[in-house]
Structure formats: structure tokens, C-alpha cells
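Trainee: Before we look at individual side chains, could you show me how to read the features of a model one by one?
Mentor: Gladly; please have the sequence and the structure open while we talk.

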Amino acid sequence: QIAGDYAGEGIVCNAVAPGKVLTGKPGPANDPDVLAYSHARTPWPRLGLPRDVANAALFLASDEATFITGENLMVDGGWMAN
């Protein structure tokens, strides 16, 4: 694991794993059936927004997260917990 290999040097290694994020980009991900499935599968009452993912990454890169390493931060509105 990279986080364990580099922790001794003070290097943190984390990941952000987004769920369904509404970006506004046209395509099959915006098909009404796909969106309905995503809404039904996501416990949070809305789907993700780009700022949700950005804020998670910003937190992990901040001084508030200097003792967090080796984490995969799920930003999915509870998709994986459901």
C-alpha cells in the first residue's frame, strides 16, 4: 500500500471515490431511466454535484487532514452504504 510505504516520509496518499455526479455534460448518463435508477439507489435526497467532490478533495489536501492517509473517501450520497 502506497500510504504505508510513504507515511514515514510524511507523504499522505488518499483517494476520492465519487458516486453519480451531475455535471451537465450531455450523454447516456442523463437518460431518464439512468437518472431514475441513480436517484432510487442513492439514499441522500439528491445526486452529487461537482462541488461535492471538489470539497472532499480540498479537505483531504488541507491541513485539517494531515493525519489521514490510506483512505478512499466515498462521496456518493450513501450509494455504497445502501
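The dialogue below goes from the overall fold to single residues and pairs.

Trainee: What should I keep in mind about the origin and numbering of this model?
Mentor: This is a predicted model, in which local features need pLDDT of at least 70 and side-chain atom pairs count only at pLDDT 80 or more, while totals for chains, interfaces and linings use all residues. Residues are numbered from 1 along each chain as its sequence is written, and side-chain values use heavy atoms, with hydrogens and water left out.

Trainee: Which secondary structure elements does the protein have, and in what order do they run?
Mentor: Helices (H or I, at least four residues) and strands (E, at least two) are taken as DSSP runs and numbered from the N terminus. Here the protein has three helices and two strands, and from the N terminus on they follow the order α-β-α-α-β.

Trainee: How does the radius of gyration of the protein relate to that of a compact globule?
Mentor: The radius is taken over C-alpha atoms, and the globule rule is 2.2 Å times the number of residues to the power 0.38. For 82 residues a compact globule would be near 12 Å, but the protein has 15 Å; its C-alpha trace spans about 50 × 25 × 20 Å along the principal axes.

Trainee: Which residues make the nonpolar surface patch?
Mentor: A patch is built from residues with over 30% relative accessible area and no salt bridge, where like charges are joined within 9 Å and nonpolar side chains (Val, Leu, Ile, Met, Phe, Trp, Tyr) within 5 Å; accessible areas come from the Shrake-Rupley method with a 1.4 Å probe, and for residues only the protein chains shown count as cover. In this model I2, Y6 and I11 make a nonpolar patch of about 290 Å². I2 belongs to helix α1 (residues 2-6) and is exposed, at a relative accessible area of 52%.

Trainee: How is a pair of aromatic rings described?
Mentor: In general, one gives the distance of the centres and the angle of the planes. Rings of Phe, Tyr and Trp (its six-membered ring) pair if their centres lie within 6.5 Å, and planes under 30 degrees apart count as stacked, over 60 as edge-to-face and the rest as tilted. The count here is one aromatic pair: Y37 and W79 are edge-to-face, with 5.8 Å centre to centre and 75° between the planes. Because Y37 sits in helix α2 (residues 32-41) and W79 in the segment after β2 (72-75), the pair ties together parts that are 42 residues apart in sequence. Y37 itself is partly exposed, with a relative accessible area of 49%.

Trainee: Which side chains meet in the salt bridge?
Mentor: Side chains of opposite charge can pair when their charged atoms come close. The cut-off is a side-chain nitrogen of Lys or Arg within 4 Å of a carboxyl oxygen of Asp or Glu. The structure holds one salt bridge, between R46 and D52 at 2.8 Å, N to O, and R46 counts as partly exposed at 34% relative accessibility.

Conventions:
Buried < 20%, exposed > 50% of the residue type's maximum accessible area, 1.4 Å probe, protein only.
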